[in-house]
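Subject: Structure for you to look at

Hello,

Here is the structure I promised to pass on. Please open it beside this email and follow along.

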Amino acid sequence: MSKTIAEELKKEVDKRRTFAIISHPDAGKTTLTEKLLLFGGAIREAGSVKARKASKHATSDWMEIEKQRGISVTSSVMQFDYKGHRINILDTPGHQDFSEDTYRTLTAADSAVMLIDVAKGVEAQTVKLFQVCAKRGIPIFTFINKLDREGRSPFDLMEELEEVLGIRSVPMNWPIGTGRDLCGVYDRVHNQVELFQGNDHSEIEVRKVDGYEDPIIREMAGEFLHDQLCQDLELLDVAGDPFDLEKVKRGELTPVFFGSAINNFGVQTFLENFLELAPKPTPRNSTAGMIDPLEDEKFSGYIFKIQANMNPAHRDRIAFMRICSGKFQRGMSVRHVRAGKEIKLAQPQQFLAQDRDIVQEAFPGDIIGLFDPGIFRIGDSLSQGSDVVFDELPTFSPEIFAKVTVKNALKHKQYQKGIDQLTEEGTIQVFQSASGFDETILGVVGQLQFEVFEYRMKGEYGVDIQLHRMTYQFARWIVDENKIDPGKFRINSQLVTDKKGNYVVLFENEYAMRTAMDKNPTAKFLETAP
Ligand code: G4P
């Protein structure tokens, strides 16, 4: 690689951080994102992101269903600069109706910020999103939010992280008081206290101290809170895990920060520590070996999400691409490896905090939106020069199932075309009965995927469908050296095949699943396709 290109790439890669915020709805993700964007100057007023969430995307042309529901159907991305860093935040829908897209988006992140409500602790959606990140072994940073409210004890929350998520934690700061008594935090890394000032806690005073026993803290916080702080931190010093960056990088230890997003308390310190500790764009595995953004000069990237109908008038789709190596330039020609042809990337878009913008150049770690006239599929690799195929994106186990029928039998051809294309796009997963009936079953991880599917079948293929909800809750891909007998899976379960012909068993409940596992000891039941 020429020296100037290598230097430019290194400079750009070093300053980038691409991460996702994972949380359960209501933990404060919108609020935290907004504060981060404010620090970066990407938005001018508090309330902008919130307004976007609430105003049902008045200024953009998201698909109709998003407008009706007022939520983001598919995840998007926001970019901003802060103190020499370029930050890409991958947004994952906070609504209960999240989808497989949410999971796939996490594959484009190099690290994750896990946001937890101090009163509620680890909640259901956080667990699911955490598990996807944990499987990839990416670093996870924890922000415990709403410290201005009464909540659980920090020790209790740390224990829950370990018990529910199986991850050890290391507090980077520690609250001085909680709820109404909260007066600040002690920063264990920088040996300083950050104290709330004023009745509305709107000002923050930062004081360097000589350890947590420093009498200055006593003067500022009072005897009672200081004694409590000393007791807690002594215990942490003795019994807590020491900070170990290597463990953090492997996703075995999560640095924990306490704060209150709405009061902007602890957010800036969190951001600065995070930027220092979080990884820059990491290498990705491919058929050509590891593609390292610092070593591979040629451009490469992969599509992790396709968003349809962002502009209903044009029926266009946007394919979201994560850049893995090289420099992206507008109008460049790249190889669409699966299609086996060169394509020109003419109208790339980048997603700033508020608007979409045509991007002129971009670097590893960046996410850009490509205009898609129907040529891309989820997982497609694009590369310059030789063919590079990145590892296939995982398929996630669906949890909600429905039998699908077409209302007008004459539309069967369009129906089949719609099913084929929407499955390829990753909108839904499709299964066929393995017992000889002509029965098509759809599987999703969020109810919203069904609504999107129904809407698009009608809008794009002119087909009215009917969905009949089934009682199954789990899908497991089954691999067995012995012949698989559909007759064995009749009670509270059913054997089906996926689009590649792999056998999958659908179960109504955990009990049925356990029983099947016991009765088929030679079989492996997998959560994702083999
Ligand atoms: P989400 O995107 O994760 O769903 O959460 P969001 O930011 O919308 O926050 C959910 C609620 O929690 C909001 O209140 C928000 O104001 C509040 N919140 C966020 N951070 C904090 C915090 O640090 N402390 C406290 N006390 N509350 C916080 P809401 O009543 O639902 O909405 P709003 O009327 O305040 O906008």
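Below is what turned up, part by part.

**Overview**

Keep in mind that this is a predicted model. The protein has 530 residues, and 44% of them are buried. Its secondary structure comes to 14 helices and 31 strands. Of the contacts with a separation of 6 or more, 69% join residues 24 or more positions apart.

**The seven-strand sheet**

Next, find the open sheet of 7 strands. Its order is β2-β3-β1-β4-β5-β11-β6, and the pairing is mixed. β2 (77-82) and β6 (168-171) stand at the edges. Each has a single partner strand, so one side of each lacks a neighbour in the sheet. Neighbouring strands here are turned by 30 degrees against each other on average, direction ignored.

Look at one pair inside this sheet. β5 (residues 140-145) and β11 (residues 253-258) run parallel and share 3 bridges. Ile-144 stands opposite Phe-258 of β11. Helix α6 (residues 124-136) lies across β1 (16-23), β4 (111-117) and β5. It runs at about 145 degrees to β1.

**Two residues with positive phi**

Some background first. Most residues other than glycine have a negative phi. Lys-83 has a positive one, near 40 degrees. Lys-83 sits in the loop between β2 and β3 (85-90). Lys-146 is also not a glycine, and its phi is positive, about 70 degrees. Lys-146 is in the loop between β5 and α7.

Is each of these lysines buried or exposed? Lys-83 has 10 C-beta neighbours inside 10 Å, so it counts as exposed. Lys-146 is buried, because 24 other C-beta atoms lie within 10 Å.

**The core and β15**

Now go inside. The largest nonpolar core has 119 residues. Those with the most contacts inside it are Ala-112, Val-113, Met-114, Cys-133, Ile-303 and Met-321. Strand β15 (residues 317-325) gives the largest share of this core, 6 residues. β15 is mostly covered: 9 of its 9 residues are buried.

Leaving out residues up to four places away in sequence, Met-321 touches Gly-301, Tyr-302, Ile-303, Ile-367, Ile-368, Leu-370 and Leu-382. β15 also has a partner: it pairs with β22 (residues 367-372) in the antiparallel sense, over 6 bridges. In this pairing, Arg-317 stands opposite Asp-372 of β22.

**A residue on the outside**

Compare that with Glu-342, in strand β18 (residues 341-344). Why is Glu-342 exposed? Because there are 10 other C-beta atoms within 10 Å of it, and a residue with 12 or fewer counts as exposed. Glu-342 touches Ser-333 and Arg-335, again not counting residues up to four places away in sequence. Gln-384 is 42 residues from Glu-342 along the chain, yet their C-alpha atoms are separated by 9.1 Å.

**The eight-strand sheet**

One more sheet to find. It is open and has 8 strands, in the order β27-β24-β26-β25-β29-β30-β28-β31. Pairing in this sheet is antiparallel. The edge strands are β27 (465-469) and β31 (524-526), and each pairs on one side only. The twist averages 40 degrees from one strand to the next.

Take β24 (residues 400-406) and β27 as an example. They pair in the antiparallel sense over 5 bridges. Ala-402 has Arg-469 of β27 as its bridge partner. Helix α13 (residues 447-461) packs on this sheet and touches β24, β26 (440-444) and β27. Its direction makes about 160 degrees with that of β27. Helix α14 (residues 510-519) packs on the sheet too, touching β28 (474-479), β29 (493-497), β30 (503-507) and β31. Its direction makes about 135 degrees with that of β30.

Best wishes

Note on methods:
Residues are numbered from 1 along each chain as its sequence is written. This is a predicted model: local features need pLDDT of at least 70, side-chain atom pairs count only at pLDDT 80 or more; totals for chains, interfaces and linings use all residues. A nonpolar core is a set of buried Ala, Val, Leu, Ile, Met, Phe, Trp, Tyr and Cys residues joined through C-beta atoms within 7 Å. A residue is buried if 20 or more other C-beta atoms lie within 10 Å of its own, exposed if 12 or fewer, and partly exposed in between; C-beta atoms are placed from the backbone. Helices (H or I, at least four residues) and strands (E, at least two) are DSSP runs, numbered from the N terminus. Two residues are in contact if their C-beta atoms, placed from the backbone, lie within 7 Å. Two strands pair if DSSP finds at least two bridges between them. Axes are lines fitted to C-alpha atoms, for helices over the stretch in contact, and angles run from 0 to 180 degrees between N-to-C directions.
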